[in-house]
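Have a look at the chain first, then read on.

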Amino acid sequence: EVLVNGRPVGQLPCPRPGDYTFDQPLKPDLLRLNGHNTIAAEADKLWVSPQDGVKLGFTLTRAGFMK
């Protein structure tokens, strides 16, 4: 799930390893103009290595807002 300022804005299914892009129009009331805005992404399922039990989620490489 992807959240902006603590409010959910959508989900991005990732059924297999690879690069994914989440691009979502936002309602203006979600953003704080001239203020600090936060983006959060939460993984609902982690991949668990069958060899050693290490749990992996995702790497966020870029986040931001475009006008």
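## A tour of the strands

Let's start with P8, which sits in strand 2. Keep in mind that what you're looking at is a predicted model.

Strand 2 has a partner. Strand 1, residues 2-4, pairs with strand 2 in the antiparallel sense, over three bridges. Across that pairing, V4 stands opposite R7 of strand 2. The two strands make a hairpin with two residues between them, and N5 in the turn has a positive phi of about 50 degrees.

What does the side chain of R7 meet in a salt bridge? The partner is D29, at 3.6 Å from N to O. This pair ties together distant parts of the chain, since R7 belongs to strand 2 while D29 is in the loop between strand 2 and strand 3, 22 residues apart. The count for the model comes to one salt bridge. D29, at 52% relative accessibility, goes down as exposed.

That loop, between strand 2 (7-10) and strand 3 (39-41), also holds D23. D23 is exposed, with a relative accessible area of 68%. D23 and T38 are 15 residues apart in sequence, and C-alpha to C-alpha they are 16 Å apart in space.

Now for the loop between strand 4 (47-48) and strand 5 (55-56), where you'll find S49. Why does S49 count as buried? Its relative accessible area is 9%, and the buried class takes anything under 20%, so S49 belongs there. The side chain of S49 also has a polar contact of 3.2 Å with the side chain of Q51.

Here are the accessibility values side by side:

| Residue | Relative accessible area | Class |
|---|---|---|
| D23 | 68% | exposed |
| D29 | 52% | exposed |
| S49 | 9% | buried |

## Stepping back

What about the chain as a whole? Its secondary structure comes to five strands and zero helices, and from the N terminus the elements run β-β-β-β-β. How does the radius of gyration look against that of a compact globule? A compact globule of 67 residues would be near 11 Å, but this chain has 15 Å. The C-alpha trace spans about 50 × 20 × 20 Å along its principal axes.

On the burial side, 10% of the 67 residues count as buried. The chain exposes about 6200 Å², and carbon and sulfur atoms supply 53% of that area. Finally, take the contacts with a separation of 6 or more: residues 24 or more positions apart account for 43% of them.

Technical notes: Residues are numbered from 1 along each chain as its sequence is written. This is a predicted model: local features need pLDDT of at least 70, side-chain atom pairs count only at pLDDT 80 or more; totals for chains, interfaces and linings use all residues. Side-chain values use heavy atoms; hydrogens and water are left out. Helices (H or I, at least four residues) and strands (E, at least two) are DSSP runs, numbered from the N terminus. Buried means under 20% relative accessible area, exposed over 50%, partly exposed in between (1.4 Å probe, protein chains only). Two strands pair if DSSP finds at least two bridges between them. A salt bridge is a side-chain nitrogen of Lys or Arg within 4 Å of a carboxyl oxygen of Asp or Glu. The radius of gyration is taken over C-alpha atoms; the globule rule is 2.2 Å times the number of residues to the power 0.38. Contact means heavy atoms within 4.5 Å. Accessible areas come from the Shrake-Rupley method with a 1.4 Å probe; for residues, only the protein chains shown count as cover. A polar contact is a pair of N or O atoms within 3.5 Å; within protein, one must be able to donate a hydrogen and the other to accept it, and residues adjacent in sequence count only if both atoms are side-chain atoms.
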